Amino acid sequence: MLQYSNIHQTSNFAVLSISYEKADVETRGKFAFFDENIKSFVSRVHQKDLGDAFVVSTCNRTEIYTTSSNYLLVAEEYCKTIGVNLTDFLQFANILTKEEALIHLFRVAAGLESQIIGDFEIIGQIKKAYNRFKKERQNSNPYLERAINSAIQISKRIKNETGISNGAASVSYAAVHYILNNQKRIAEKNILLLGVGEIGQNTVENLVKHVYQPKIKIANRTQEKAEKISQKYNIPHVDYSDFDKELKNTDILIVATGAKHPIINQSHFPNGKETLVIDLSIPHNVEKNVTENENVTLIDVDELSKQIQETIQQREKEIPKAEKIIKELMKDFMEWEKKRKLAPNIHHFKAVLKNMERNEMHNFYKKNKYINITDMELSDKMIQKITNRFAKYIIDNPLKAEEISKLMHEILVEQPNNEFNEKH
């Protein structure tokens, strides 16, 4: 039996997904993954020789993507990393493998699985998550690399070729949409945004874009980052230590921080001032009982998603166009994977032909003391042509690939070797 490379075995692709479909905000928060967990998770997975895995964790979903056939062991290491029970995790997790997992990744990247359909913020989060894990791993996985690149390509095509993102309904825009629809004289309102991560920055961008001369200030635990965003959008920032003081003059507080526990509570609203609080964080970073103060209105991610149903209905009409693009790129990916799986067979076949060529050239030279360069070029072309025919046949007939490869090996290698041994 021929022994070929096992490179294709990295394609044991699987995803374990916890999303808004089965888990509410509190539950999603329980299984959320933070940057500080990356080093430990990557280390655990590779100490156990479980292959490659990376985690995408957003406000609407936490997903473990892995090329390991032992995906449950990967999930177990994940749960140990974030300090939850595997049984609890599996209770809410959807598990998909191979082609189904790949289609899921592409649908997520396309915004079709987002709580708000057509939310393209997710593709940036997928790219960032994969790159962080790749950096920690100090290595790349060809299958994951190709899958992520295909996901990016799908996202770009759907954004450009369909109307699925029309009406802008990302979580960050939904917050601005809510303010526009529920606040009077917005230009007079003091808006304070706490946290300038990706969601926070997108919210600032939408506020600046859709509100005329907004009175917005930003605050962030890391002062340097606040200064950078402040300069980018030409808006003031406040020192994090002055947050409580600034809050007293705030009409609208938007919280887009990434803390594990609530950092805003009742004590932050002591003066009876009417305040709209929008919590974009998962898990919640604002305690729900702040609404016991009747002057405080609290809106969270789930509530925002309900505000834009009309836009969603329009976007849903574009889903068939998006799915057609996914189908096209899925076909390309499967063709690539098929060729990749059979590459060792094709390389072996060509190597056998090249070996035969070298032997014949050697014998010819030994007898005639010269070799015509034109003959060598012709021989190369013939070998490539025969190899191409062989490759096409096994790609078109993958179920016969091993049988045909073995037959060629017997005819071109084993039989000549046996005949040589018999003669000598």
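Trainee: In which loop is Asn-234 found?

Mentor: This is a predicted model. Within it, Asn-234 is found in the loop between helix H10 (223-233) and strand S7 (237-238).

Trainee: Is Asn-234 buried or exposed?

Mentor: The cut-off for exposed is over 50% relative accessible area. Asn-234 has 70% relative accessibility, so the residue counts as exposed.

Trainee: What is the phi of Asn-234?

Mentor: Most residues other than glycine have a negative phi. Asn-234 is not a glycine, yet its phi is positive, at about 55 degrees.

Trainee: What is the phi of Lys-98, and where is the residue placed?

Mentor: Lys-98 is also a residue other than glycine with a positive phi, near 45 degrees. Its place is in helix H5 (residues 98-109).

Trainee: Which residue is joined to Pro-283 by a cis peptide bond?

Mentor: Most peptide bonds are trans. Pro-283 lies in the loop between strand S9 (275-279) and strand S10 (296-300). With omega at about -5 degrees, its cis bond is to Ile-282.

Trainee: Which residues make the nonpolar surface patch of about 210 Å²?

Mentor: One of them, Ile-95, is found in strand S4 (residues 94-97). At 34% relative accessibility, Ile-95 is partly exposed. The patch is made by Leu-72, Leu-90 and Ile-95.

Trainee: How many disulfides are counted?

Mentor: A disulfide requires two cysteine sulfur atoms within 2.5 Å. Cys-59 is buried at 13% relative accessibility, and Cys-79 is buried at 1%. By the distance rule, the count of disulfides is 0.

How values were computed
Residues numbered from 1 in each chain as written. Predicted model: local features only at pLDDT ≥ 70, side-chain atom pairs only at ≥ 80, totals over all residues. Heavy atoms only, no water. Buried < 20%, exposed > 50% of the residue type's maximum accessible area, 1.4 Å probe, protein only. Patch = residues over 30% accessible without salt bridge, like charges linked within 9 Å, V, L, I, M, F, W, Y side chains within 5 Å. Areas by Shrake-Rupley, 256 points an atom, 1.4 Å probe, with all protein chains shown as cover. Salt bridge = Lys/Arg side-chain N within 4 Å of Asp/Glu carboxyl O. Helix = DSSP H or I, 4+ residues; strand = E, 2+ residues; numbered from the N terminus.
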